[in-house]
Amino acid sequence: MQLATWNINSLNVRLPQVLDWLATNPVDALGLQELKLVDEKFPFAALREVGYHAECFGQKTYNGVAILSRSPLRDVVRNIPGHGDEQSRVIAATLDTSDGPLRLVNCYFVNGQEPGSEKFTYKLGWLDALHRWIGEELQAHPRLVLMGDFNVAPEDRDSFDPVGLKDTIHHTVEERASFQALLKLGLTDAYRLFEQPDKSYSWWDYRMLGFQKNRGLRIDHILVSDALRDKVSACTIDRAPRKNPQPSDHAPVVVTLA
DNA sequence: ATGACGGTGTGGCACCGA
């Protein structure tokens, strides 16, 4: 089975591209981030027409997440339980497979703007809350996938300019430590289970020909729990949609489970 | 150091993203 994550930077604008992508990449489930629309405007009908159930957690203008799935989703959780948040950043749901239930947690991590800023403090608090909650989720759901736009470049090789961008947002010690703390809970970065091309990124700035010059960051990730680790047979970043007219600034990441 | 690009809102631009 295949699972994917994609920050589409406005579902209003990108719905045709999502439908196109699903037509050629008929993944079993897809986590979307940055819907930038309210639930009332979520395109349930268009997605149902191409075979996908959906659960969404929208918000006006900013944020917003959803999970699409070929099979029905159950036990949906929106945002981090016990962590008050005005922003719609997390949606979790269980899907039933022949190997048993699979818990999907799809997140749009906080950007954080700049170390030292109020938004950075919000990011670190959010990351702490996520860490606590994912620990609980793993207890309840051993077969768990944590995916989304993490807004963290875990290592220097995940950045086009690790020296120039040292200690800037996505690259700070605190953010990287929080990523490592998630792994310590019993999660593995599926992308790094395999040999990958150098300079593999999942996001490129719209400005200054970022994509054309491959000036990017790998900040979109799929982490799998220990129970799933041996089942992962591939993990790739699909750069093709970034070449579309009017692309999202992010590319989808796809994981294949045996 | 700044802005560049793109989306959104109720705009004549500002704010935000990463």
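This dialogue discusses how to read several features of a predicted model.

User: How many helices and strands does chain A have?

Analyst: The secondary structure of chain A consists of five helices and 14 strands.

User: What radius of gyration does chain A have, and what would a compact globule have?

Analyst: A compact globule with 258 residues would have a radius of gyration near 18 Å; the value for chain A is 17 Å, which agrees. The C-alpha trace spans about 45 × 40 × 40 Å along its principal axes.

User: Which residues have the most contacts inside the largest nonpolar core?

Analyst: In soluble globular proteins, nonpolar side chains tend to be buried together. Here, 44% of the 258 residues of chain A count as buried. The largest nonpolar core has 68 residues, and those with the most contacts inside it include Leu 32, Val 65 and Ile 222. Leaving aside residues up to four places away in sequence, Ile 222 touches Val 145, Met 147 and Val 253, among others.

User: Why is strand β8 described as largely enclosed?

Analyst: Strand β8 covers residues 144–149, and six of its six residues are buried, so the rest of the structure largely encloses it. Strand β7, residues 100–108, runs parallel to β8 and is joined to it by six bridges. In this pairing, Arg 103 stands opposite Leu 144 of β8.

User: Which residues are closest to DNA strand B?

Analyst: DNA strand B is surrounded by 22 residues, the closest being Ser 10, Thr 61, Asn 111, Tyr 206 and Arg 207. By class, the surface near DNA strand B has six nonpolar, 10 polar and six charged residues.

Conventions. Residues are numbered from 1 along each chain as its sequence is written. Chains are lettered from A and ligands numbered from 1 in the order in which they are written. This is a predicted model: local features need pLDDT of at least 70, side-chain atom pairs count only at pLDDT 80 or more; totals for chains, interfaces and linings use all residues. A nonpolar core is a set of buried Ala, Val, Leu, Ile, Met, Phe, Trp, Tyr and Cys residues joined through C-beta atoms within 7 Å. A residue is buried if 20 or more other C-beta atoms lie within 10 Å of its own, exposed if 12 or fewer, and partly exposed in between; C-beta atoms are placed from the backbone. Two residues are in contact if their C-beta atoms, placed from the backbone, lie within 7 Å. Helices (H or I, at least four residues) and strands (E, at least two) are DSSP runs, numbered from the N terminus. The radius of gyration is taken over C-alpha atoms; the globule rule is 2.2 Å times the number of residues to the power 0.38. A residue is near a molecule or strand if its C-beta atom, placed from the backbone, lies within 6 Å of it. Ala, Val, Leu, Ile, Met, Phe, Trp, Tyr, Cys and Pro count as nonpolar, Asp, Glu, Lys and Arg as charged, and the others, Gly among them, as polar. Two strands pair if DSSP finds at least two bridges between them.
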